[in-house]
Amino acid sequence: MAKSQEQLQQSRSLSSLIYDPKFRSYAFQILLLLVLVGFGWWIVQNTIVNLQAQNKTTGFDFLGVTSGFDIGFSLIEYSRSSTYLDVFIVGILNTLLVAVTGIVLATMLGFVLGVARLSSNWIIARMATIYIEVIRNIPLLLQLFFWYFAVLKSMPSVRDSLEVISGAVFLNNRGLYFPDPNPNDAFLWVQIAVVLVLIGGFFLQRWSVRRLEQTGERFPYIPVFIGLLIVVPAIVWFISGAGLDVSYPERNRFNFQGGIQLPPEFVALLFGLVIYTAAFIAEIVRAGIVSVNKGQTEAAQSLGLKDNDRLNLVVIPQAMRVIVPPLTSQYLNLTKNSSLAVAIGYPDIVNVFMGTALNQSGKAVEVIFMTMAVYLTLSLLTSVIMNIYNARIALTER
Amino acid sequence: MNKKIVTIALGAALSLSASAAMADTLEDVQAKGYLQCGVAPSTPGFASPDENNNWSGIDVDYCRAMAAAIFDDPEAVRFTPLTSKERFTALSSGEIDVLSRTTTWTMSRDTNLGISFTGVMFYDGQGFMVPKDLGVNSALELSDAAVCIEAGTTTELNAADYFATNGMNYNPVVFEDQDEVVKAYDDGRCDVFTTDSSALAAERLSLADPDSHKILPEIISKEPLGPSVRQGDDLWFNISRWVYFALLEAEEYGVTQANVDEMLGSENPSVRRLLGVEGEFGKAIGLSDDWAYRIIKHTGNYGEIYERNVTPIGIDRAGSLNDLWTRGGLQYSPPIR
């Protein structure tokens, strides 16, 4: 009798355990975790077994091996005797170059377009609308092909290069050539001067804001800053005797030598990415501005704020809170979309590393893993930076 | 292009299911009823589809020969067009059963990639094509030129070697698709287009104005192009290799598509062994003994395949490396006995 009582109690405590929501939620989460870990383990295990079964060598040793191929456009010294690791770095740098330039330009173009679409000028507003609706709705890959093949075809050949600036800037179907300013050693002083002015400008701005708050007097901060930025380095330039040893592009038998060459692949990719992403950014900017309640503008007006101040102090700070989070995703999109470079032959990481290096080395799993890690890192970094910025401009709740 | 990336990624990560398929390729192929063959997307003479999606080319006919040996039906084959970049992943992941895609046999590919080459369908070498009005007569004059190249090929490596050895600079412009390479060359993005000389000959004919382009005399590399299979399946390897040899053996003994039925009554023991009248050579590779008869009946011998596909693109066989050994070429089959 006592025994069955005990059993009853035990089963009751067991069933109460099953009906205990806290226990249940933990149990299911642990179960899910186990399934996920098991699945991951299975994938890794299976890959290893399969690679062995295919008699493939694995590991990251290949990174130290000579690559044996050339890359057309590289920011660092690279030749056929460089290693696969160098290919990796060249690829990352080329991706970064197009992504960073693209983000800056797309932001600028996007803001202009977004504001233009809200313009009271009928033509400007309509033009912006047409641009946004057309560009947004055509796949990026097609646009890249358009910029590359259509525009390349209309460019003159090397022999009939367009002299944009006589003797200095040339345009042809091999790209855009312009002089390379090779600064001499003394030029370092000019660079230091620029950095110092930039730092000074930061403090100047804080000082002018404080002065405005304390005395109500305005300090013409922006003109003064720009003036300093031009005058100070110029003076240093003359005093230090800095000079530029400019190398101009010159035509030889086939191509131009010397100077800086921007290959058409880069230009086409940059154009495509900027024009496409700017259309999305424009819509985000428009949404941000529209989201600021009209009452805010009216309140600012009734306080007697000038037009500029009303925009800069009231409307834009509030609009930014709406703009920044989706803007971050556009930046991430642009970076990831730059992988379409492979279609038009720009040597980004997907082209040179996941393409050629993978093929020549045969290390598919390692190479793809590394490439994914690069994009993940770039995206997470962008997110972190934008989140910090977002936190700074976010509404401070008290 | 995203699709390709996905294919590669999937192929790499999910080579999972491949292990089962790899064990016995012949059984799998027989079970599904057709051969899956990886070919070039569009290389005239080697593999290219016509308007009705009928494939033709020397690489295509090799696959048809395999299908004929296995199924007695040269149409029991499906073609997967692959870029240079995708081809090895497609083979090792089990997406295709045999890769017959103008692929150069090199040591690293044979030993590192988990694949094995089974023969040399075509002995080739890398050459250069330039517009005539450039006034270039030798590859040694190409210093500082912009060179259009297809990604993931031995071409890329050979060009790097050649220009480095000769102390010349060049500017490689690399595309993923041969079509894009040709288009960029035609648009004047590059001074030079380099690839296997057979492909150069074929591509020249597809340019807007073939007569204004010429192929330079230099051949800068050895490019033995042949089919390959996954490592680790010896039976399948043997089938692939001996289908190729049967094509050569048939030509050597004068067995053609037209006379193969008569040849069944031949007194020549070599012919009798080839056609399965004597011996049990087919059983040893898991096929029926008339396997080679089927091949010749449906696709003809090596010479006929060459004549049908490669001669029209302007590459003569007589006296070349691709002639039979009996006529001074390199095409040589070990005896079937």
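This is a predicted model: local features need pLDDT of at least 70, side-chain atom pairs count only at pLDDT 80 or more; totals for chains, interfaces and linings use all residues.
Local features need pLDDT of at least 70 and side-chain atom pairs count only at pLDDT 80 or more, while totals for chains, interfaces and linings use all residues. Residues are numbered from 1 along each chain as its sequence is written, and chains are lettered from A and ligands numbered from 1 in the order in which they are written.

**View 1. Spans of chain A taken from the UniProt record.** The unreviewed UniProt entry lists residues 92–386 of chain A as "domain: ABC transmembrane type-1"; UniProt positions follow the numbering used here, feature names are shortened, and annotations may be inferred rather than shown by experiment. In the model this span is 72% helix and 9% strand, and its end C-alpha atoms lie 21 Å apart. Helices (H or I, at least four residues) and strands (E, at least two) are DSSP runs, numbered from the N terminus. Under "transmembrane region", the unreviewed entry lists several stretches of chain A, including 26–44 and 87–116. Residues 26–44 of chain A are 100% helix and 0% strand, with end C-alpha atoms 27 Å apart. Residues 87–116 of chain A are also 100% helix and 0% strand, and there the end C-alpha atoms lie 43 Å apart.

**View 2. Helix 6 and helix 7 of chain A.** Helix 6 (residues 187–215) and helix 7 (residues 221–240) of chain A pack at an angle of about 155°, with their axes 9 Å apart. That makes helix 6 of chain A roughly antiparallel to helix 7 of chain A. Axes are lines fitted to C-alpha atoms, for helices over the stretch in contact, and angles run from 0 to 180 degrees between N-to-C directions. Angles under 35 degrees count as roughly parallel, over 145 as roughly antiparallel, 65 to 115 as roughly perpendicular and the rest as oblique. The crossing of helix 6 and helix 7 of chain A is right-handed; a crossing is left-handed if the near helix is turned anticlockwise from the far one by less than a right angle, and right-handed if clockwise. Among the residues that meet are W189(A), V197(A) and L204(A) of helix 6 of chain A, and F225(A), P233(A) and W237(A) of helix 7 of chain A. Contact requires C-beta atoms, placed from the backbone, within 7 Å.

**View 3. R210(A) in helix 6 of chain A.** R210(A) lies in helix 6 of chain A and is exposed, with 11 other C-beta atoms within 10 Å. A residue is buried if 20 or more other C-beta atoms lie within 10 Å of its own, exposed if 12 or fewer, and partly exposed in between; C-beta atoms are placed from the backbone. R210(A) and S119(A) are 91 residues apart along the chain, and their C-alpha atoms are separated by 34 Å.

View 4. Helix 3 (residues 84–117) of chain A packs on helix 4 of chain A at an angle of about 125°, with axes 7 Å apart. That makes helix 3 of chain A oblique to helix 4 of chain A. The contact joins L113(A), A116(A) and R117(A) of helix 3 of chain A to residues of helix 4 of chain A including A128(A), Y131(A) and I132(A). The crossing of helix 3 and helix 4 of chain A is left-handed. Helix 4 (residues 122–136) and helix 8 (residues 264–291) of chain A pack at about 120°, with axes 9 Å apart. Among the residues in this contact are A128(A), Y131(A) and I132(A) of helix 4 of chain A and Y276(A), F280(A) and E283(A) of helix 8 of chain A. Helix 4 and helix 8 of chain A are therefore oblique to each other, and their crossing is left-handed.

**View 5. Helix 15 of chain B.** The buried residues of helix 15 (residues 302–309) of chain B are Y302(B), G303(B), I305(B), Y306(B) and N309(B). Seen down the helix axis, these residues fall within an arc of 165°, so they line one face of helix 15 of chain B; the arc is that of the directions from the helix axis to the C-beta atoms. They pack against strand 3 (55–56), helix 4 (58–71), helix 10 (234–252) and helix 14 (291–299) of chain B.

View 6. A68(B) is in helix 4 of chain B and counts as buried, with 26 C-beta neighbours inside 10 Å. Leaving aside neighbours within four places in sequence, A68(B) contacts D73(B), P74(B), R294(B), I295(B), H298(B) and T299(B). D72(B), in the loop between helix 4 and strand 4 (77–81) of chain B, has a positive phi of about 60° although it is not a glycine. T102(B) has a positive phi of about 30° and is not a glycine either. D72(B) is partly exposed, with 17 other C-beta atoms within 10 Å, whereas T102(B) is buried, with 27.

Terms used
Two residues are in contact if their C-beta atoms, placed from the backbone, lie within 7 Å.
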